[in-house]
Each structure stands twice: as C-alpha cells, then as structure tokens.
Amino acid sequence: MLHWVRRGAIWLITFISLMVGRVSDYIEEYSFVILQLAGDNVYVDAIIFRIKRLLIDMLRTGPLPTHVSFIMDGNRRYARGRKLSIKNGHEAGGETLLTLVYICKSLGIKCVSAYAFSIENFSRPKEEVDSLMGLFSKKMDEFAERANDFKDPLYGCSFRVVGDMSLLDEELKSKISNVESKTEGGNFILYLCFPYTSRNDIAHAVTETVSIYTEGPGKDESELTIRELTNQMYFGPFSNKVDLLIRTSGHMRLSDYMLWQINEHSTIEFSDTLWPQFSFLQMYLILLKWSMFRVIQNYNNSNIDNNSKVAEKIYKPYKRFLNLTSLSSLPEPPIAVSIVGGKD
C-alpha cells in the first residue's frame, strides 16, 4: 500500500517537472499579451497580488530550502533580442533579482545568493564592465534604502558582497562596506557574488585555514577538518551547502560557481528562460517540486519498517493479500568473498 502511495507521489512530481517547462514557455509567449489586455487596471493588480500571497502561504506549509542560489544568465541575449542596450538588459536582470529575493523572503527562506559577476568577466569589453560596476553601485544604494524602510517588502534584509575584493577599486569597496554595515543584523541575507569564482573561494579558504593552523597558537594540524575549511569560505554559516541552485538561459553548466557547496543533498534546476523573464510562477513551480521531493525523501529516511507500530496498523488489513515478509525473518546474508579468494 505504502509502495503504491510513494510511486503515485513520485509520478505526480515527475508530471509537475515536465509541466514546469511547458508552463514557462506559455508564460513567456503570452505574458506580454495578457499584460497589454490588463493594462494598468488596479483591480487586476490587486487580484494577482492576492493570488500570489495565497500561493506563497500554501507553499509555506511544507518544507522549504534554507539556501537558494541563482546563476543569473541571459541578460545580454534578452537585450539583443529586443534591440536594447546591454546596460538595459542588466538593469532588467537586477529587477528580476529583487523580485525573487522578495518571494524567497516571504516564504521564510533564510538565504539567497546570486552569481552577479565572475572574475572571468573582467575580460569583457571595458564599456560593459564599467556599466556593470555602475549598475552594481546603483542597485546597492537602492537595496540599502529598501532594506531600512519598514514599509518596504525587503525591510530587514542583510546584504553581503562576497568574492575577491582585491580586484575592485577603493571607492567601490568603501561603498560595499558602508551598505553592509547599514543592513547588518537582518533575519534574511542576500549574498551577491561579485567578483567571484568557486576556485577562488576554495583557494581563499585553504589559505586562511593554513594560516590559522600554522601561525595561530595552540592549533594542532591533526585537528584540521572539512568543517574548519568550510568555515573559512565566503558565505559564512551558509558555506556548507546550497539546497537549491537555479540557472537560467538554457546552459547546463555551473561556470565555476558553488562547486564546493553543491553536494548529494543539493538540487540543481536548469531553466531555458532568460534571466530577466524568469517569473514568479516559474520560481513557484520549482520550489513546489523541491518541497514535494523533500517530503518523499524525508519519508524514505524515516526508517519505518513493517514491524513498527505505524506500519503495522497500515499494513494489517492488507497482509493476507500482499503476503508480506518481515526483514527480521530473513536469514543472515552469506559471507562476502572477494575476487582473490579472501573474506571481506
């Protein structure tokens, strides 16, 4: 009985996974027409807002990731496809990030990180790099203002910039420090990776850890653990793992991002949608699928066997038909023998 319930749930999640892509394509194709028909109708906006709040409240009843991360890819293609400047494409991507940060904060997710600028991006044309630096500075000021406005949905957000700060000029580093101090102490944190690569993060952690254990008093190298190394990474208490990583624009690669944090307990989602077009519904469906998979995973890890009281009550009416065998009634497994003839 439980087997079929589990199989049914997995089938439903698989169906939802397939539908995410189709729904996303529909949204991308028809959203502009729907918005044009709706116009600036206040009632339509109010209805959409209420529906979003209802969906968020429903999702909050289940398990949710603690750390969600984004690889924000597709800003330039979005701009080129609409004959806009590259700067306008990045500006549209910045608005998308703030919208998704609000969604995650409303759901109770504790941490969001975003790949804003790779160290390799310094090889792009100087005009584009300067434009990104200016946009980054502008968006920092906007975020700090909103995070300190109790009427704003982003109120209470902390902001941290992580990456190789030595590659930035003194004026920008000073502004980063100022914004971080203004937003300190919030119950939600946004990490903006700028400029960042995962290899740089790991190298930084190794250097810091070696320095602590070779120069610090009372440190024994034999006590060095993976946890100690992880603690020296850029993301502080969230350096251990990313629960959900989302990459947009159709590319299925990590691009030197979160290589340490992605492990067997992480989920990676690739979307064909360009980052500025990544919508509330697309994000919602991905989180819904993640939550349902986690429910199944938690059930499988609960170690309820056929002899437990819970399972006994569930299986009792069906034992005569299913002819179940208890694990404890099975004989001991045979001794394993290696290919060279020795006992394992």
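Guide: Buried means under 20% relative accessible area, and exposed means over 50%. The model shown is predicted.

Visitor: Why does tyrosine 191 count as buried?

Guide: Tyrosine 191 has 5% relative accessibility. The limit for buried is under 20%, so tyrosine 191 counts as buried.

Visitor: What makes phenylalanine 238 buried or exposed?

Guide: Phenylalanine 238 has 18% relative accessibility, and therefore counts as buried, the cut-off being under 20%.

Visitor: Why is methionine 252 called exposed?

Guide: Its relative accessible area is 66%, and exposed requires over 50%; methionine 252 is therefore exposed. Methionine 252 lies in the loop between strand E5 (244–247) and strand E6 (267–270). Together with Ile268 and Phe270, Met252 makes a nonpolar surface patch of about 290 Å².

Visitor: How many aromatic pairs does a search of the whole structure find?

Guide: The search finds 14 aromatic pairs. In one of them, the rings of tyrosine 191 and phenylalanine 238 have centres 6.4 Å apart and planes at 70°. Centres must lie within 6.5 Å for a pair, and planes over 60 degrees apart count as edge-to-face, so this pair is edge-to-face. The pair links distant parts of the chain, 47 residues apart: tyrosine 191 is in strand E4 (residues 188–193), and phenylalanine 238 is in the loop between helix H8 (226–231) and E5.

Visitor: What makes the pair of tyrosine 196 and tyrosine 257 edge-to-face?

Guide: The distance is 5.7 Å centre to centre, with 80° between the planes. Edge-to-face requires over 60 degrees, so the pair qualifies as edge-to-face. Tyrosine 196, in the loop between E4 and helix H7 (198–215), and tyrosine 257, in the loop between E5 and E6, are 61 residues apart. One aromatic cluster contains Tyr191, Phe238, Tyr196 and Tyr257, together with Tyr115, Tyr234 and Phe235.

Visitor: How do you know that E5 and E6 pair as strands?

Guide: Pairing requires at least two bridges; four bridges join E5 to E6, which run parallel. Leucine 245 stands opposite isoleucine 268 in E6.

Visitor: Why do strand E3 (157–162) and E6 stand at the edges of the sheet?

Guide: The six strands form an open sheet with parallel pairing, in the order E3-E4-E2-E1-E5-E6. Strand E3 and E6 each have a single partner strand, so one side of each is left without a neighbour in the sheet. From one strand to the next, the twist averages 15°.

Definitions and conventions:
Residues numbered from 1 in each chain as written. Predicted model: local features only at pLDDT ≥ 70, side-chain atom pairs only at ≥ 80, totals over all residues. Heavy atoms only, no water. Patch = residues over 30% accessible without salt bridge, like charges linked within 9 Å, V, L, I, M, F, W, Y side chains within 5 Å. Areas by Shrake-Rupley, 256 points an atom, 1.4 Å probe, with all protein chains shown as cover. Salt bridge = Lys/Arg side-chain N within 4 Å of Asp/Glu carboxyl O. Helix = DSSP H or I, 4+ residues; strand = E, 2+ residues; numbered from the N terminus. Buried < 20%, exposed > 50% of the residue type's maximum accessible area, 1.4 Å probe, protein only. Phe/Tyr/Trp six-rings, centres within 6.5 Å; stacked < 30°, edge-to-face > 60°. Axes fitted to C-alpha atoms, helices over the stretch in contact; angles between N-to-C directions.
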